[in-house]
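Hi,

Here is the structure I promised to pass on. Please have a look at it, and my notes follow below.

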Amino acid sequence: MISTLELSYPLLQEMIAYVNRHAPLEACGLLAGKATRAEKMIGVLNQEQSPVRFVMDPYEQLHAFDWIESNGLDLIGIFHSHPAGPEIVSPTDILEAAYAVVHIILSRTETQWRARGFWIEKGKATEVTLQIVE
Ligand SMILES: [Zn+2]
């Protein structure tokens, strides 16, 4: 498990803009990078098109995995939005977490989006610090 994930402010804003565009539906995607630093986000279609659930479109997900590999990066995070809250991973998120990566929840309050990271292992979620770096 990792306790801190680094990402730049523009990358955070890019994720927020992406999920905001899809609200009130949940939106999802992958974060690629190296070690504990995220470099790129790749949006993946939520095939559920639901405000309370997401399932990544398998074709787009595979395509994103290929892109990450061919660019010499690693999958280091998965993000999805909770347009109507909560700020934390849901029991379903914990149950369905399939990758040992940081799970980022972008949740919306009345006026703004907030991002929190979690490491999910053995049915338990532990908060990961998201460190905004240059
Ligand atoms: Zn969720």
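Helices (H or I, at least four residues) and strands (E, at least two) are DSSP runs here, numbered from the N terminus. This is a predicted model, in which local features need pLDDT of at least 70 and side-chain atom pairs count only at pLDDT 80 or more, while totals for chains, interfaces and linings use all residues. Residues are numbered from 1 along each chain as its sequence is written, and side-chain values use heavy atoms, with hydrogens and water left out.

Pockets come next. A pocket is an open set of points on a 1 Å grid over the protein atoms alone, with protein on both sides within 12 Å along at least five of seven lines; lining residues have an atom within 4 Å of a point. Strand 4, helix 3 and strand 5 (102–108) each supply at least two lining residues to the largest pocket. Nearest its centre, among 15 lining residues, are F54, I78, E96, A97 and A98.

The second largest pocket also has 15 lining residues, with E26, V52, R53, H82 and S90 closest to its centre. Helix 3 contributes the most to that lining, three residues.

Now the metal. The zinc ion is coordinated at 2.0 to 2.5 Å by NE2 of H80, NE2 of H82 and two OD contacts from D93 (donors are N, O and S atoms within 2.8 Å of the metal, or 3.2 Å for Na, K and Ca; water is not among the atoms, so sites may look incomplete). H80 sits in strand 4 (residues 74–82) and D93 in helix 3 (residues 91–96), 13 residues apart.

Best wishes

Definitions and conventions
On a 1 Å grid over the protein atoms alone, a cavity is a set of points where a 1.4 Å probe fits but cannot get out, and a pocket is an open set with protein on both sides within 12 Å along at least five of seven lines; lining residues have an atom within 4 Å of a point.
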